Amino acid sequence: METLSENRSFGGTQGVYRHHSAATGTEMTFAVFVPEHAAGAKLPVLFYLSGLTCTHANVMEKGEYRRACAEHGIILVAPDTSPRGDDVPDDEAYDFGKGAGFYVDATQAPWAANFQMRSYIEKELPALIADAFPVDMGRQGIFGHSMGGHGALTISLRNPGRFRSTSAFAPIVSPMQCPWGEKALTGYLGADRAAWREYDACALIEDGARLPDLLVDQGRADNFLDEQLKTHLLDAACRKAEIPATIRMQEGYDHSYYFISSFMGDHVAWHAERLKG
């Protein structure tokens with residue numbers, strides 16, 4: 001693992017690191033904030049998954065999480081959204097290819113060779129974090145925004161008991177039922193919609209997956225709400241499955257990091273309560 005930068009912030013260290021990924025076959029860059037802590041202490045860890053077009057830098061520079069993480073003693077890890085490099089296949093559109101990995105393990109050419117983001121996030125990155133940072137892997141939480149909210153929801157639903165807490169900002173709740181998701185899942189996984197279900201939060205819940213509870217914030221002024229995000233589908237799925245879900249529709253807020261940063265402190269505190277002890 002190569003250290004690209006480390007900066008003092010709120011008493012802790014904000015770092016950016018790079019390593020060669022066996023899952024993607026590329027160099028992968030990620031950010032980690034480690035708050036000030038006693039020598040030998042192991043801290044809970046919160047994974048943040050970003051949305052379309054983003055890298056680790058978006059939340060690191062605009063997410064405003066460090067004060068809250070320092071206050072609650074939580075390490076935050078922010079990976080990239082896809083493999084990158086000159087030899088990695090790409091698409092001209094912003095919603096497919098580089099920056100748009102959708103946290104799936106692709107099965108279709110040419111994407112399958114590198115776009116193994118599910119394996120990277122679920123297996124490789126956590127093992128690296130556990131080895132290199134003072135984390136208590138028995139106290140993990142996960143959250144994300146938009147495409148990353150989709151990633152956080154589906155990863156947590158597929159791994160029962162692994163994450164003590166799960167939340168999301170403006171998540172894509174059902175990729176099987178929106179243009180972004182249909183394009184990505186067709187391209188990465190092929191036309192068999194049955195293979196898509198493990199990457200759709202609403203379908204996973206319908207198929208029996210459960211979370212102990214859930215926090216979601218969604219802006220009412222989000223221009224992607226009706227066509228792409230469809231928060232009401234997650235609300236309905238949670239109600240039917242009797243999953244305790246706090247889904248807050250925030251008046252006047254859009255899809256941007258102005259929205260995310262406004263409620264970041266709430267989410268970190270919510271995770272902290274569940275990651276205690």
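The largest contribution to the lining of the largest pocket comes from helix α8, which gives 5 residues. In this predicted model, the largest pocket holds about 280 Å³ of space. Its lining comprises 15 residues, of which Q177, C202, A203, E206 and A237 are the closest to the pocket centre. Two helices, α6 (201-206) and α8 (231-241), each supply at least two residues of this lining. Sorted by class, the lining residues are 8 nonpolar, 5 charged and 2 polar.

Burial here corresponds to a relative accessible area under 20%. In a regular strand, side chains alternate between the two faces of the sheet. In β8, L214, V216 and Q218 point one way, whereas L215, D217 and G219 point the other way. The residues of both sets are buried, and among them are Q218 and D217.

Strand β8 pairs with two strands, β7 and β9. The pairing with β7 (residues 163-169) is parallel and extends over 3 bridges. The pairing with β9 (residues 245-250) is also parallel, and 6 bridges join β8 to that strand. Residue L215 takes part in both pairings: L215 is the bridge partner of S167, and T246 in β9 is the bridge partner of L215. L215 is itself buried and points the same way from β8 as D217 and G219.

At the level of the whole chain, the protein contains 9 helices and 9 strands. The radius of gyration is 17 Å, close to the 19 Å given by the globule rule for 277 residues, so the chain is as compact as a globular protein of that length. The C-alpha trace spans about 50 × 45 × 35 Å along its principal axes. Of the 277 residues, 59% count as buried; the residues of strand β8 are buried as well. Among contacts with a separation of 6 or more, 71% are accounted for by residues 24 or more positions apart.

Technical notes:
Residues are numbered from 1 along each chain as its sequence is written. This is a predicted model: local features need pLDDT of at least 70, side-chain atom pairs count only at pLDDT 80 or more; totals for chains, interfaces and linings use all residues. Side-chain values use heavy atoms; hydrogens and water are left out. Buried means under 20% relative accessible area, exposed over 50%, partly exposed in between (1.4 Å probe, protein chains only). Helices (H or I, at least four residues) and strands (E, at least two) are DSSP runs, numbered from the N terminus. Two strands pair if DSSP finds at least two bridges between them. On a 1 Å grid over the protein atoms alone, a cavity is a set of points where a 1.4 Å probe fits but cannot get out, and a pocket is an open set with protein on both sides within 12 Å along at least five of seven lines; lining residues have an atom within 4 Å of a point. Grid points are joined across faces, edges and corners, and a volume is the space filled by probe spheres set on the points. Ala, Val, Leu, Ile, Met, Phe, Trp, Tyr, Cys and Pro count as nonpolar, Asp, Glu, Lys and Arg as charged, and the others, Gly among them, as polar. The radius of gyration is taken over C-alpha atoms; the globule rule is 2.2 Å times the number of residues to the power 0.38. Contact means heavy atoms within 4.5 Å.
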